[in-house]
Amino acid sequence: MSDLPLWRSILDTSEGPALAASIRLVGLDVDGVLTDGGIYLGDAGGSRVELKRYEIQDGLGIKMLQKAGILVAIITGRVSESVALRGRELGVDDLVQDEHARKLPALRSIAERRGIGMHEIAFIGDDLPDVGVLREVGLAVVVDNASRDAIESAHYRLERKGGDGAIREFAEVLLRARGEWEPLTEWYVRSRSEVVA
C-alpha cells in the first residue's frame with residue numbers, strides 16, 4: 001500500500017477526519033502490539049504458565065475508544081489465559097484466540113455479525129500474521145517496530161513500539177482526527193475528580 005518512510009500519512013491528509021469518523025471497530029493483535037512480543041514461559045506445579053506484560057496506558061486508550069462508541073476486538077494467533085484475562089479486564093467487545101493465526105476470517109466473522117464493513121475497521125498489527133488483515137481493512141496501522149512486510153501493507157505507522165503505549169497513541173490520534181479527544185479527556189478527568197458517596 002505504501003512505503004511509509006514518514007511516521008504519519010493518511011490521517012494527516014485532508015481525508016483524515018472523514019476516514020477517522022468512519023471507523024466503527026478497532027482490531028488489535030496481541031504479541032508485538034499489546035505487548036512487546038516477549039513471552040515468559042514456565043512451569044508452576046506441573047502446569048504450563050505463560051505471562052505477558054501489558055502497558056497500562058494502552059488499557060486507557062482502549063477505554064477511550066470504547067467511550068467514543070468504537071468497538072474493540074482482540075485477535076491473536078496464540079491461545080493464552082493471560083490474553084483472556086486482559087480482555088475481560090478491559091471489557092473488549094470481541095476476543096478471538098486462534099492457534100493457527102487465521103486472523104482475517106476471524107475479523108470478517110466479527111464484522112459480519114456486527115454489521116460492519118471491512119472499510120469501517122482499523123487494525124493494528126506488527127508482523128506477517130497481520131498482513132492479510134492489514135490489506136483488507138479501511139485503516140491499516142502498524143507499530144513502530146513492525147516487520148517490513150507489515151509496514152508495506154499499512155496506511156499509518158505509529159511512533160511507539162508494541163507494548164510501549166502504541167495503542168494509547170493510536171487512540172489519541174484517531175480520536176483527535178474525529179474531534180473527540182478533548183471532550184473525552186475532560187470527561188475522564190471530571191469522572192476521576194468527583195467524590196463517590
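Biologist: How do you know whether E89 is buried or exposed?

Modeller: In this predicted model, E89 has a relative accessible area of 55%. The cut-off for exposed is over 50%, so E89 is called exposed.

Biologist: And what makes R86 buried?

Modeller: The relative accessible area of R86 is 10%. Buried means under 20%, so R86 falls in that class.

Biologist: Why is the contact of the R86 and E89 side chains called a salt bridge?

Modeller: An Arg side-chain nitrogen has to lie within 4 Å of a Glu carboxyl oxygen. For R86 and E89, the N to O distance is 2.4 Å, so the pair meets the rule.

Biologist: How many residues apart are R86 and E89 in helix 3, and what does that amount to in helical turns?

Modeller: They are 3 residues apart in helix 3, residues 81–90, which means a separation of about one helical turn.

Biologist: Which residues do salt bridges that share partners join into one network?

Modeller: That network holds D31, R48, E50, K52 and R78. Between E50 and K52, the N to O distance is 2.9 Å. This is within 4 Å, so the pair counts as a salt bridge. E50 and K52 are both buried.

Biologist: How many salt bridges does the rule give?

Modeller: The count is 22 salt bridges. One of them joins K103 and D29, whose closest N and O atoms are 2.7 Å apart.

Biologist: What share of the contacts with a separation of 6 or more comes from residues 24 or more positions apart?

Modeller: Such residues account for 58% of those contacts.

Biologist: Which strands are the edge strands of the open sheet, and why are they called that?

Modeller: The sheet has 6 strands in the order 5-4-1-6-7-8, with parallel pairing. Strand 5 (94–97) and strand 8 (156–157) each pair on one side only, and are therefore the edge strands.

Biologist: How do you know that strand 6 and strand 7 pair?

Modeller: Two strands need at least two bridges to count as paired. Strand 6 (121–125) and strand 7 (139–142) share 4 bridges, so they pair, in the parallel sense. F123 has A140 of strand 7 as its bridge partner, and I124 stands opposite V141 in strand 7.

Biologist: Which residues point one way from strand 7, and which the other?

Modeller: L139 and V141 point one way, A140 and V142 the other way; all of them are buried.

Biologist: Which residues touch the most other members of the largest nonpolar core?

Modeller: In this core of 57 residues they are V26, L107, I124, L139, F170 and L174. Helix 7 (166–177) supplies the largest share of the core, 7 residues. Leaving out residues up to four places away in sequence, L107 touches L25, I75, M118, I121, F123, V133 and V137.

Biologist: L174 is in that list. What makes L174 count as buried?

Modeller: L174 has 0% relative accessibility. That is under 20%, so L174 is buried. L174 lies in helix 7, and beyond its neighbours within four places in sequence it contacts A20, I23, V26, L65, I70 and L139. L174 and P17 are 157 residues apart in sequence and 8.5 Å apart in space, C-alpha to C-alpha.

Biologist: Why does V173 count as buried?

Modeller: V173, also found in helix 7, has 16% relative accessibility. The cut-off is under 20%, so V173 counts as buried. C-alpha to C-alpha, V173 is 14 Å from A140.

Methods: Residues are numbered from 1 along each chain as its sequence is written. This is a predicted model: local features need pLDDT of at least 70, side-chain atom pairs count only at pLDDT 80 or more; totals for chains, interfaces and linings use all residues. Side-chain values use heavy atoms; hydrogens and water are left out. A nonpolar core is a set of buried Ala, Val, Leu, Ile, Met, Phe, Trp, Tyr and Cys residues joined through side-chain atoms within 4.5 Å. Buried means under 20% relative accessible area, exposed over 50%, partly exposed in between (1.4 Å probe, protein chains only). Helices (H or I, at least four residues) and strands (E, at least two) are DSSP runs, numbered from the N terminus. Contact means heavy atoms within 4.5 Å.
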